[in-house]
Amino acid sequence: MNDLDHRPGVKEINLVRRNLKLEGVTEDNREAIILEIDTLVGVESVSFDASKETINMAYDATHCDLDGIEALLQAHCADTSQGLWTKIKEGYYKFVDQNIKDNDEHDPHCCNAMPKALPGSRKK
């Protein structure tokens, strides 16, 4: 796959998949939550498994993050589960998302370049 196989704003190298258990999702707010998350820049796909009460997302971690998605959930009276396993996964997901964002912003430097001549040194 290449970047052209994805939605605009999504790069293959920064694509992450997230599965989190939710609380407070009803038939009334489920479609609104999915629609609002799906319209965010960088989101590749989003779905909700009602039998497991789990949201499944794929997004570009340089454009989107879990904190923003959680804010949208809370605006619709839903939230991530308070269970231990969900909190562990949530912390790991946030760490990886931040790492991807930091690596994308990093400007690599070349360490094998010839050093510049010091002022006052002899040049040949």
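In this predicted model, residues 24 or more positions apart account for 66% of the contacts with a separation of 6 or more in the chain. As for the overall layout, the chain has three helices and four strands, and reading along the sequence gives the pattern β-α-β-β-α-β-α. Of the 124 residues in the chain, 33% are buried. The chain exposes about 8,700 Å², with carbon and sulfur atoms supplying 54% of that area.

Take Thr54, which sits in strand β3, a stretch covering residues 54-60. Its relative accessible area is 16%, so Thr54 counts as buried, given that the cut-off for buried is under 20%. The side chain of Thr54 also reaches the backbone oxygen of Lys52, at 3.0 Å. Leaving aside residues up to four places away in sequence, Thr54 touches Asn19, Leu20 and Lys21, along with Ser47, Phe48 and Asp49.

Now for Thr86, which is found in helix α3, running over residues 84-105. With a relative accessible area of 8%, Thr86 is buried. Not counting residues up to four places away in sequence, Thr86 touches Thr80 and Ser81, and also Leu20 and Lys21. Leu20 and Lys21 turn up among the residues touched by Thr54 as well.

Terms used:
Residues are numbered from 1 along each chain as its sequence is written. This is a predicted model: local features need pLDDT of at least 70, side-chain atom pairs count only at pLDDT 80 or more; totals for chains, interfaces and linings use all residues. Side-chain values use heavy atoms; hydrogens and water are left out. Helices (H or I, at least four residues) and strands (E, at least two) are DSSP runs, numbered from the N terminus. Buried means under 20% relative accessible area, exposed over 50%, partly exposed in between (1.4 Å probe, protein chains only). Contact means heavy atoms within 4.5 Å. Accessible areas come from the Shrake-Rupley method with a 1.4 Å probe; for residues, only the protein chains shown count as cover. A polar contact is a pair of N or O atoms within 3.5 Å; within protein, one must be able to donate a hydrogen and the other to accept it, and residues adjacent in sequence count only if both atoms are side-chain atoms.
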